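I opened the structure and kept short notes. The entries follow in the order I made them.

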Amino acid sequence: ISPTRSAAERSAAERVGAVVAITTGALAALALLMSALAALAIARSRAASVAARSRDLALLQALGASPGDLRAVVLLEAALLGGGGGLAGVALGRLGGLAGDALAARLLPDLPFRPETLFAFPAWLLAAGLLVAAGAAVLGALGPATAASRVDPARTLS
């Protein structure tokens with residue numbers, strides 16, 4: 001192999017690496033934007049839920065629940081919903097990756113240095129998918145949880 005060809009191959013590999021890094025960064029930024037939008041949608045949904053259940057929340061408070069208890073109920077509900085959505089998303093992503101690998105193994109020629117998998121799913125990434133979903137849900141529910149803790153039982157139940 002000539003030194004010129006090796007330098008050209010190295011240069012091409014560096015360009016491909018830069019494109020992959022830029023694409024990965026853009027997709028990560030898009031994922032963060034989507035998580036922020038999900039938190040806003042969750043805030044609207046939780047606010048509607050708190051408004052619809054204001055009598056139930058007032059009754060709980062009249063029976064002895066503290067404002068912190070009401071806040072915790074709303075936040076826990078949001079965390080469970082977000083965690084469930086995150087679990088579904090992680091599972092669908094993993095299944096999509098397995099399907100993509102199977103399709104690539106069947107359709108792509110047997111090239112030298114072909115990786116075993118086209119998709120990497122380290123444990124930290126799967127955990128991050130769950131935590132980001134649950135975290136976005138909890139962040140989105142902070143306002144409605146505060147509103148739930150401010151329910152006036154006397155006014156609401158009368």
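**Helix crossing**

I looked up how α3 passes α4 and found a right-handed crossing (left-handed if the near helix is turned anticlockwise from the far one by less than a right angle, right-handed if clockwise). I noted that this is a predicted model, in which local features need pLDDT of at least 70, side-chain atom pairs count only at 80 or more, and totals for chains, interfaces and linings use all residues. Residues are numbered from 1 along each chain as its sequence is written, and side-chain values use heavy atoms, with hydrogens and water left out.

I then read the packing of α3 (residues 67–107) and α4 (residues 123–149): the angle is about 150° and the axes are 7 Å apart. That makes α3 roughly antiparallel to α4 (angles under 35 degrees count as roughly parallel, over 145 as roughly antiparallel, 65 to 115 as roughly perpendicular, the rest as oblique).

**Whole chain**

I counted five helices and zero strands in the chain (DSSP runs, H or I of at least four residues for helices, E of at least two for strands). The radius of gyration, taken over C-alpha atoms, is 24 Å, well over the 15 Å that the globule rule gives for 158 residues, so the chain is more spread out than a compact globule. The rule is 2.2 Å times the number of residues to the power 0.38. I noted a C-alpha box of roughly 90 × 30 × 20 Å along the principal axes.

**Confidence**

I looked up the mean pLDDT (the predictor's confidence in each residue, from 0 to 100) and found 89 for the chain, with 97% of its residues at 70 or more.

Terms used: Axes are lines fitted to C-alpha atoms, for helices over the stretch in contact, and angles run from 0 to 180 degrees between N-to-C directions.
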